[in-house]
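Here is a short note for a colleague who is new to this structure. Please read the points with the model open.

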Amino acid sequence: MGLNKSNMILKFIFQILFLLVFASFFSGCTHQQDAKPGPTEDTDKQNVPPSQPEETWKLPIEIPEGEFYKVGGWLSDHQLLYITNLEQSSSVYLYNLLTGNSELLYTSEVPIVTLQISPSKKNILIQTSPSTYEGQVTILTPEGSEIIKQSFTSYELAFEWNPLNESEILISSFNEDWTFQMLLLDIEQRKTTELSIPQPFIKWLGKEEVAYLNWDETSPSLFAPLLIKKLNSETEEVIFTDVLQFAAYHDILMTVTVNDKEKLLAAYTFYNENKQELFSFSIPHLTMFSGWLVPYYDFNEKNAKFITLKPLKSAEADAYTEGFELVSYDINSGNSNSILQGLKNEPVLLSPSGEAALYGNRFEKIINIKTKELLELVEK
């Protein structure tokens, strides 16, 4: 009887750990999609230089029709995509921060759940939800023309765009009990292939190579080894042990681990494509029942700037009330810069130039990194 009870406790702890990892995946999922080089001249319809003073921003956004849902991301340094809802339908608008104009790009007869912009800004992914157990994926051009549409039997979907081959998207298709299938959608060939990968939260490390944390279901832990695997091979390789969370950006890999000398600090370490350390810093961490809280972050490859929300001290997450400081780190020089203080731990998304950032659970705010100002995108 005691053994059965122990097994039930272990299973309960693992389920909570899995859900926390799932939540942290989505917190970073959109991040890396828009932390890449900006759009081409064709996408940049207004042909305005990328760096513009904050005074030229036309805010707040005037919603043409329906109710504001959320901002989907940056299409260029002065162009945003945002979603509105009207009854059961959703619409995607292109907003120009410099002119104040909203342009309708796409309308869906069913609610839009997710909008992701490809790393080069040449494609837009729209996920709609016709029913509880169906997810529909539509790929659009920046002008709103449909490239491909495909439905998946799924309770939840997660996406990872290949930054080195944007015709490929990894799709984690979850069932209601969080079992999953890993799929590879090839936009160019218009086909979907099921992959044999033991974990659902994966990142691209190369054109045909992925990385993931290999969590052990039989022995729940706060940390896991970080593995790399080629999609066309069954061979796996452990590159780091005891990793809490990681992110991949083209030729940069970032891991979150425990500081070797001070266990109350979380260590963020950056590596090049040869897995050689480039830069590392440590910040206080917040503990939860089954792990650590990793605050929201983003990385801009163009200027090698990493931003994160930093707690002021280590504490229990539920009891922590001091707020978060938004800090920028230059991984080349090692310099850091405080941008704003007293913020909540909510998602941040850098613009292509890194001079502005979307902020908030719906990206309803915008931060001017140079002037350190926080502005509302949508009138409350």
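A polar contact is a pair of N or O atoms within 3.5 Å; within protein, one must be able to donate a hydrogen and the other to accept it, and residues adjacent in sequence count only if both atoms are side-chain atoms.

1. Basis. The model is predicted: local features need pLDDT of at least 70, side-chain atom pairs count only at pLDDT 80 or more, and totals for chains, interfaces and linings use all residues. Residues are numbered from 1 along each chain as its sequence is written, and side-chain values use heavy atoms, with hydrogens and water left out.

2. Overall make-up. The protein chain has one helix and 31 strands. Helices (H or I, at least four residues) and strands (E, at least two) are DSSP runs, numbered from the N terminus. Of the 380 residues in the protein chain, 53% are buried. Buried means under 20% relative accessible area, exposed over 50%, and partly exposed in between (1.4 Å probe, protein chains only).

3. Surface and contacts. The accessible surface of the protein chain is about 17500 Å². Carbon and sulfur atoms hold 48% of that surface. Areas come from the Shrake-Rupley method with a 1.4 Å probe; for residues, only the protein chains shown count as cover. Contact means heavy atoms within 4.5 Å. Among contacts in the protein chain with a separation of 6 or more, 43% join residues 24 or more positions apart.

4. An open sheet. Which strands form it, and in what order? Four strands take part, in the order S13-S14-S15-S16, with antiparallel pairing. Strand S13 (202-204) and strand S16 (236-243) are the edge strands, and each pairs on one side only. From one strand to the next, the twist averages 25°. The angle is taken between N-to-C directions, runs from 0 to 180 degrees, and uses axes that are lines fitted to C-alpha atoms, for helices over the stretch in contact. Two strands pair if DSSP finds at least two bridges between them. S13 and strand S14 (residues 209-213) run antiparallel and are joined by three bridges. Ile 202 has Tyr 212 as its bridge partner in S14. In general, strands of a sheet pair through backbone hydrogen bonds, either parallel or antiparallel.

5. A hairpin. Strand S11 (residues 180-186) and strand S12 (residues 191-195) run antiparallel, joined by five bridges. Leu 183 has Glu 194 as its bridge partner in S12. The hairpin has four residues between the strands. Look at Arg 190 there: its phi is positive, near 55°.

6. Salt bridges. How many salt bridges are there? The count comes to six. A salt bridge is a side-chain nitrogen of Lys or Arg within 4 Å of a carboxyl oxygen of Asp or Glu. One of them joins Lys 203 and Glu 160, with the closest N and O atoms 3.7 Å apart. Lys 203 lies in strand S13 and Glu 160 in strand S9 (residues 156-161), so the pair ties together parts that are 43 residues apart in sequence. Both Lys 203 and Glu 160 are buried.

7. A second salt bridge. Glu 355 and Lys 370 meet through their side chains at 3.9 Å, N to O. Glu 355 is in the loop between strand S28 (348-350) and S29, and Lys 370 is in the loop between S30 and strand S31 (373-376). The two are 15 residues apart. Glu 355 is partly exposed because its relative accessibility is 24%. Lys 370, at 64%, is exposed.

8. Glu 364. Is this residue buried or exposed? Glu 364 is buried, because its relative accessible area is 14%. Glu 364 lies in the loop between strand S29 (356-359) and strand S30 (365-368). Its side chain makes a polar contact of 3.3 Å with that of Lys 365. The pair also counts as a salt bridge (3.3 Å, N to O). Lys 365 is buried too. Leaving aside neighbours within four places in sequence, Glu 364 touches residues including Phe 68, Tyr 359 and Val 378.

9. Thr 138. This residue sits in strand S7 (residues 134-140). Thr 138 is buried, with a relative accessible area of 0%. Beyond neighbours within four places in sequence, its contacts include Tyr 106, Ile 126, Glu 146 and Lys 149.

10. Gly 291. Strand S22 (residues 291-293) contains Gly 291. Gly 291 counts as buried because its relative accessibility is 9%. Gly 291 and Ser 221 are 70 residues apart in sequence, yet 8.4 Å apart in space, C-alpha to C-alpha. Not counting residues up to four places away in sequence, Gly 291 touches Leu 222 and Leu 286.
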